[in-house]
Amino acid sequence: MFRTLVFVFFVFLLFITFSCKESSTSNQLVEEKDYSKAPPGFPQIPFPEWNQYSRAKFELGRRLFYEKLLVRDSSFKSCSHCLKQSHNFQDNVPNSLGHLNIAEPRNTMSLTNVAYFDKLFWDGRGKRIEDVAYRSIFLPYIFGLDTLELKRRLENHPLYPKLFREAFGNDARPTAWLVAQAISTFVRCLVSGNSAYDRYVRGDTNALTDSQKRGMKLFFSERTRCSVCHSGFLFTDLQFHNTGTSMFYADWGRYYVTKDYKDKYKFITPSLRNVEVSGPYLHDGTYKTLEEVIENYNRGGYPFINKDTLLKPLNLTKQEKEDLINFLKSLTDWEFLTNPDFGEPK
């Protein structure tokens, strides 16, 4: 009897030891997930040679993305104030309010998959994520903070000096430019590519409903030609169009950048990934629902200067409109939108 008890106890110890080791290994793998790796079917995420990915830089950038210290009066959490994970890393209001409640002139664009974009903002004036992040710190209508004050705040923080050394080397000290590099590393990792549509094209024929499959067929058809502009794995051609969404445009769009009359009232094609949670829509947040967006294309847009010649009345039936919207909802990547590694650090 005694030998039996000893044997059982020994087996129990082995089981506990193995389980703990397995759990520890599993946790370590989760902690060390490499977010520089692209989803299946996506190109490798392009990180600049001078600002390569590291997990330490990712974690620092993530913390800074949600950090109140970056704002002059700490009235809101810096980037995440108008770039909300649950809303596809953009805002859910037509015009975001920055420092001193100063409104942004346009609807906030999503950060999702922005690592692959060679043009930033609705008019394409931005070229590099680091430059945008850096300028946001001191622009009066965004964070409104002096870069020297930012340096002082971070140096006096109990945690940040150590995190900067881990991310940028033992001699690194917090500066506005390193803040921009860290945030940009985090932002480049915001890659969404695991929607029901993605699973379907990878071979899971049950990932889409019958309505979504009909909508997909419509989306890629010659009749609607949606995929001419909303093309590729990003569902955008990254070009500029006027789609007749209004009878009056106060914003001249791409013209501000090129000064070319042919670019007046044109705006970059937004990606449709996670479009279900990205409202309100368009550069000015005019349309609140996907139904309004679809109806604009169904009527062929309003007549206006430089309206794209692709737009023609589609005469969609009620069922076809519903199918198109259901297909757009299949582009929602819920895993991405709820991933705690992209949320605010605890």
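A contact here means heavy atoms within 4.5 Å. With that in hand, 65% of the contacts in this protein between residues at least 6 apart in sequence join residues at least 24 apart. Keep in mind that this is a predicted model. It has 13 helices and two strands, and its C-alpha trace spans about 90 × 55 × 35 Å along the principal axes.

**Confidence and overall make-up**
- The average pLDDT of the protein is 90, and 91% of the residues score at least 70.
- Residues 1–30 are another matter: their pLDDT is below 50, and beyond near neighbours in sequence this stretch has two contacts in the model.
- Where pLDDT is low, the predicted coordinates should not be read in detail.
- Of the 346 residues in the protein, 50% are buried.

- You'll find serine 96 in the loop between α2 (55–65) and α3 (129–138).
- Serine 96 has a relative accessible area of 1%, and buried means under 20%, so serine 96 counts as buried.
- Its side chain has a polar contact of 2.6 Å with the side chain of aspartate 91.
- The serine 96 side chain also makes a polar contact, at 2.7 Å, with the side chain of threonine 108.
- Leaving out residues up to four places away in sequence, serine 96 touches Cys82, Asp91, Ile102, Ala103, Glu104 and Thr108.

- Most residues other than glycine have a negative phi, and most peptide bonds are trans.
- Serine 74 has a positive phi, near 55°, and is not a glycine; this residue sits in the loop between α2 and α3.
- Serine 74 is partly exposed, at 27% relative accessible area.
- Asparagine 306, also not a glycine, has a positive phi of about 65° and lies in the loop between α11 and α12 (318–329).
- Asparagine 306 is partly exposed too, with 23% relative accessibility.
- The peptide bond from glycine 279 to proline 280 is cis, with omega near 0°.
- Proline 280 belongs to the loop between β2 (267–268) and α11 (290–298).

**The second largest pocket**
- This pocket holds about 370 Å³ of space.
- Its lining is made up of 21 residues, and Lys33, Tyr35, Pro39, Val191 and Glu335 are the ones nearest the pocket's centre.
- Sorted by class, the lining of this pocket has ten nonpolar, five polar and six charged residues.

Notes:
Residues are numbered from 1 along each chain as its sequence is written. This is a predicted model: local features need pLDDT of at least 70, side-chain atom pairs count only at pLDDT 80 or more; totals for chains, interfaces and linings use all residues. Side-chain values use heavy atoms; hydrogens and water are left out. On a 1 Å grid over the protein atoms alone, a cavity is a set of points where a 1.4 Å probe fits but cannot get out, and a pocket is an open set with protein on both sides within 12 Å along at least five of seven lines; lining residues have an atom within 4 Å of a point. Grid points are joined across faces, edges and corners, and a volume is the space filled by probe spheres set on the points. Ala, Val, Leu, Ile, Met, Phe, Trp, Tyr, Cys and Pro count as nonpolar, Asp, Glu, Lys and Arg as charged, and the others, Gly among them, as polar. pLDDT is the predictor's confidence in each residue, from 0 to 100. Helices (H or I, at least four residues) and strands (E, at least two) are DSSP runs, numbered from the N terminus. Buried means under 20% relative accessible area, exposed over 50%, partly exposed in between (1.4 Å probe, protein chains only). A polar contact is a pair of N or O atoms within 3.5 Å; within protein, one must be able to donate a hydrogen and the other to accept it, and residues adjacent in sequence count only if both atoms are side-chain atoms.
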